[in-house]
Amino acid sequence: MSRRAFVGSLAVTATSAATLVATALPAAAATPAHQGESSNQHAVFLQSNQPSGNTIGVFSRGRDGRLQAVRHYSTGGLGASLPGAVVDPLASQGGLTYDGNHHLLYAVNAGSRSLTVFKVDGLKLTRLQVLDTRGDLPVSVSVGKDTVYVLDAAGQGAITGFKVVGGRLERVLGSTRSLGLGNPASPNFLDAPAQVAVTPDGRAVIVTTKQHNTLVSFTLNQHGFPSATSVVTPSAAPVPFALAFDKAGRLLVTEASGGESSYTVNADATLSIIASHVPNGQAAACWSVVANGRVYVANAGSASITGYNEDAAGGLTLHDASGVTATTGAGSVDIAATSDGQFLYEEANGAGEIDEFHVNADGSLTSLGTVAGLGIVNGVGAEGIAAS
């Protein structure tokens, strides 16, 4: 897909958003907390990314998978938007990441060059830290074991590492590495890198570069310290965007040109292709999540979700020949799944809503409804969704 075609496919999703009232997420999420809250309650978290003050909206998840707004929490930072962004202001995946092993939630504050760390106790968030990311435009954060990396999308692009120590983050000194992208200080949304991802074993960190069409990876030692130089792997298809890992630790890459590829991550951080760009026939396939052994991709330009089956060797096939496993609201962007793989939640920024789905045993998706009225207009607003 050409740059012009990709931008056009995103632009059409903003039409319905222009009619929304520009109310902020906090107003939508400010309903009274449930009585009898407990630490074993499950939640879905949505990042408002408001330039006037970033917040995290907390939604309780019922046994049936449906959501109810509970409350919101300030991150202590500011949101931002990249130039040219239509429905995805940070043009990234992983702006909000839940760390289930440590019960922590990580939120980037793109407008104030910081990362907020919350302790998660059921539906309650306690802000522990607001850390300088050493970069001007943090857009993505990832965790593998006890290693956390943040992606800076400004200028050359860079990553910086942290370790989880005693339930808090400590900076890995000397861990910042430039990506050498040669972009301006505030890059266009297509030129900016899209996501950072730490492998589940914490031994490598990988970044997608979109317009540069590469996957940039570094090895990590036991202290989370990266190799001095990177390994640069050409993407199997144009505009690599989202990264996810299956249970075997294989890398799954969603390409905004409309497809999915899988790779083996080798010990030296090189990548070996397994399945090379399995197309889905959808527009702006940018975000993805793994649930119950399948990959689900949100297609911003088609208002749809594509399911991919994965075989034991990492091969990929479409779950539905049409490429449409479910339809969504306009501008489908970030997507999250519960840890048990039973439910999937997709942030439809063009419609200003969260779409709720049950993940069936055969891989099909059943719509459970929507949470509407999030006040997202033309890409100004939420970016980042996570589930506990």
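**Close-up views of a predicted model**

View 1. The largest nonpolar core holds 62 residues. Tyr106, Leu169 and Tyr296 touch the most other members of that core. In soluble globular proteins, nonpolar side chains tend to be buried together. The model shown here, in this and every other view, is predicted.

**View 2. The whole chain, for orientation.** The protein has 388 residues, of which 60% count as buried. Its secondary structure comprises two helices and 30 strands. Among contacts with a separation of 6 or more, 54% come from residues 24 or more positions apart. The accessible surface of the protein is about 13400 Å². Carbon and sulfur atoms account for 52% of that surface.

**View 3. The largest pocket.** S21 supplies the largest share, five residues. By class, the lining of the largest pocket divides into 21 nonpolar, 17 polar and seven charged residues.

**View 4. The second largest pocket.** The volume here is about 230 Å³. The lining of the second largest pocket numbers 14 residues. Asp201, Arg203, Val265, Asn266 and Ala267 lie nearest its centre. Six residues of this lining are nonpolar, five are polar and three are charged.

**View 5. The one cavity of 30 Å³ or more.** The structure holds one cavity that reaches this size. The volume of the largest cavity is about 40 Å³. Strand S9 (147-152) and strand S10 (158-165) are the elements that give two or more residues to its lining. The lining residues are Thr133, Arg134, Gly135, Val150, Leu151, Asp152, Ala158, Ile159, Thr160 and Thr176. They divide into four nonpolar, four polar and two charged residues. Rolling a probe the size of a water molecule over the atoms shows where empty space is left.

Key
Residues numbered from 1 in each chain as written. Predicted model: local features only at pLDDT ≥ 70, side-chain atom pairs only at ≥ 80, totals over all residues. Heavy atoms only, no water. Core = buried A, V, L, I, M, F, W, Y, C linked by side-chain atoms within 4.5 Å. Buried < 20%, exposed > 50% of the residue type's maximum accessible area, 1.4 Å probe, protein only. 1 Å grid on protein atoms, 1.4 Å probe; cavity = no way out; pocket = protein on both sides within 12 Å on 5 of 7 lines; lining within 4 Å. Points joined across faces, edges and corners; volume = space filled by probe spheres on them. Helix = DSSP H or I, 4+ residues; strand = E, 2+ residues; numbered from the N terminus. Nonpolar A, V, L, I, M, F, W, Y, C, P; charged D, E, K, R; others polar. Contact = heavy atoms within 4.5 Å. Areas by Shrake-Rupley, 256 points an atom, 1.4 Å probe, with all protein chains shown as cover.
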